[in-house]
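Here is a short report for a reader meeting this protein for the first time. Look at the sequence and the model, then read on.

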Amino acid sequence: MTAIDAGALPRFATLDPVTGEEIDTFPVDDERSVREKVDRARRASAAWDRLGHAGRRQLLLAWRRVMARRLPEIIALMERENGKVKADALIEMTAALTHLDWAARHSGKVLRRRRVPSGLLMANQYATVEYRPFGVIGVIGPWNYPVHTPLGSLAYALAAGNAVVFKPSEYTPAIGAWLADTFAEAVPGHDVLVLATGDGGTGAALCTACVDKIAFTGSARTGARVLAACAPSLTPVLLELGGKDALVVAADADVDAAVESALWGACSNAGQSCAGIERVYVAAPVYERFLGRCAERARELRAGTDFGPVTMPGQLDVIRRHIDDALARGGRAVVGGPESVRPPYVLGPVVLADVPEDSAAVREETFGPVLVVNRVADAEEGVERANASAYGLGGAVFARRGGLRLAERMRTGMVSVNDVLSFPAVPSLPFGGRGASGFGRIHGPDGLREFTVPKAVTRKLFDVPLTVSSYARGAKDMQRLQRLVTFINSR
Ligand code: TXE
């Protein structure tokens, strides 16, 4: 982020990661301006809530239509500000619009008030549960999927009836501004998507600006900071952090299909996907075949055509360190190597084999087009090694038989069988991880509920001839209650 002092708030520039050219400048929102924006969102939130699910559905679908109409514009901006190749930008927009559509259409069904059984002892109560919006949600977004990832919070939070203050990554503020701009065009008069721009300081200010919940996507390290910043005010947080996803290839797998998926899972979006494939564990009987085919196909892929540059310059140092460390510890570079790292690109996929499990390339998030391929005795051992990670976001299994059983044993929030990265595109599925990958869920019914407070209401329908919760009760009432409890619980 380049600081430029101008006007009341300092401004920062957003740059094209390939040419280094300035794209635009944005204000660095400070504590005061963030607080003002939260107040603004709060003032708008009541009317948004009153619209109800049907009213919001119309407006959110209108937003979806505006974004669809302006698709070429955002794809060009994603290519420019984020460095994505066109295909990656289009895939991201496809998934993002699918989620917005799903959230708009399903919030009523999932969240509206419904009657629940009140039980034998409380049969005189009409019991209902309803999922009410929190009020104002602070969304702190990343740069790697600058539309799809924040929209996983924005669309679901808005559909649930909240207002949102959105702080996009300092690497993609123009894309964040485009989201706010299209919303304002589609939904005039409802100031419920308020943009705050800046770096980590602005994000930190949002955590302490009296929002009702923070939805954060980013690194595990910053996630821990967000959690600590929210602790004193007991502000709840949703944390979507990184991953070190593994693909397990069983001896009976379709090896060619597994190779294609492994390479796409590792290289799409230049490997900058929280749920990208970074490790592959291949059963010994098909290991050499997998590695040979993987090397052949990897040599055909090119940066600039098949995937874009690395968006954040500092990431190239991480990628190079992981490659160097893997080789120093006895791993083999089968395709590419340290020389593949040429700013702003990793020139082609780097395939490393037989990398010790204690290497940085196996343990830490690489976030680049680098694939570690290791041999295991069988798929069971592959799952064990996959699970020996601090992260627990997603993963994949390739097997002709028993794939679901292996998927069940993966210690992650999501798994694809005979495919990769299919779960984020299914809007009714929850997205999120465990361990160092964070907690809470976006997407699907769980993602809608994440932005709500369950509200339990009981309404007394009639008096019963047994007085318990009143001091008008007598000894007889207690005797009858005891008989009743014994009868009910002895069945
Ligand atoms: O993340 P940060 P960065 C991983 C990936 C990447 C690394 C660093 O490995 O290389 O994290 O990326 C805001 N309080 N992922 O530096 O710092 C910040 O302004 C509140 C995986 O981009 O976590 C930005 O908007 N907010 C991940 C957002 O947090 C703060 C996606 C993310 O920044 C803050 C991104 C603070 N103290 C990175 N400091 C995924 N899950 O896909 C910074 N921010």
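UniProt positions are given in the numbering used here, feature names are shortened, and annotations may be inferred rather than shown by experiment. UniProt, in an unreviewed entry, places the feature "domain: Aldehyde dehydrogenase" at residues 11-457. The end C-alpha atoms of residues 11-457 lie 48 Å apart. The span is 42% helix and 21% strand. Helices (H or I, at least four residues) and strands (E, at least two) are DSSP runs, numbered from the N terminus.

This is a predicted model, in which local features need pLDDT of at least 70, side-chain atom pairs count only at pLDDT 80 or more, and totals for chains, interfaces and linings use all residues. Residues are numbered from 1 along each chain as its sequence is written, and side-chain values use heavy atoms, with hydrogens and water left out.

## The six-stranded sheet

Strands of a sheet pair through backbone hydrogen bonds, either parallel or antiparallel. Here two strands pair if DSSP finds at least two bridges between them. An open sheet of 6 strands runs in the order E8-E7-E6-E9-E10-E22, with mixed pairing. Strand E8 (193-195) and strand E22 (438-439) stand at the edges. Each has a single partner strand, so one side of each is left without a neighbour in the sheet.

Strand E9 pairs with E6 in the parallel sense over 4 bridges. In that pairing, Val 139 has Ala 215 of E9 as its bridge partner. Strand E9 (residues 213-217) also pairs with E10 in the parallel sense, over 4 bridges. There, Thr 217 stands opposite Glu 240 in E10. Helix H5 (residues 148-159) packs on this sheet and touches strand E6 (136-140), strand E7 (163-167), E8, E9 and E10. The direction of H5 makes about 165 degrees with that of E7. Axes are lines fitted to C-alpha atoms, for helices over the stretch in contact, and angles run from 0 to 180 degrees between N-to-C directions.

How enclosed is E9 by the rest of the structure? Buried means under 20% relative accessible area, exposed over 50%, partly exposed in between (1.4 Å probe, protein chains only). By that rule 5 of the 5 residues of E9 are buried, so E9 is largely enclosed. Both faces are covered. Lys 213, Ala 215 and Thr 217 are buried on one side, and Ile 214 and Phe 216 on the other.

## Glu 240

UniProt places the feature "active site" at Glu 240, again in an unreviewed entry. Glu 240 lies in strand E10 (residues 237-240). Contact means heavy atoms within 4.5 Å. Leaving aside neighbours within four places in sequence, Glu 240 is in contact with residues including Phe 216, Thr 217, Gly 218, Phe 431 and Arg 441.

## Some buried residues

| Residue | Relative accessible area |
|---|---|
| Cys 207 | 2% |
| Cys 294 | 0% |
| Glu 240 | 3% |
| Tyr 131 | 13% |
| His 190 | 18% |

## Cysteines

A disulfide is a pair of cysteine sulfur atoms within 2.5 Å. By this rule the count comes to 0 disulfides. For Cys 207, the nearest cysteine sulfur is that of Cys 230, 4.3 Å away. For Cys 294, it is that of Cys 267, 8.5 Å away.

## The three-stranded sheet

Another open sheet has 3 strands in the order E4-E5-E23, with antiparallel pairing. Strand E4 (114-116) and strand E23 (452-460) stand at its edges. The twist averages 35 degrees from one strand to the next. E4 and strand E5 (residues 125-133) pair over 3 bridges. Val 116 has Ala 127 in E5 as its bridge partner.

Tyr 131 also lies in strand E5. Leaving aside neighbours within four places in sequence, its contacts include Val 110, Leu 111, Arg 449 and Pro 454. Tyr 131 and Gly 161 are 30 residues apart in sequence and 9.8 Å apart in space, C-alpha to C-alpha.

## Helices H1 and H2

Helix H1 (residues 31-50) and helix H2 (residues 52-69) pack at about 105 degrees, with their axes 7 Å apart. They are therefore roughly perpendicular. Angles under 35 degrees count as roughly parallel, over 145 as roughly antiparallel, 65 to 115 as roughly perpendicular and the rest as oblique. Trp 48, Asp 49 and Arg 50 in H1 meet Gly 52, Arg 56, Leu 59 and Leu 60 in H2.

His 190 lies in the loop between helix H6 (173-186) and E8. Leaving aside neighbours within four places in sequence, His 190 is in contact with Ala 47, Trp 48, Leu 51, Leu 59 and Phe 183.
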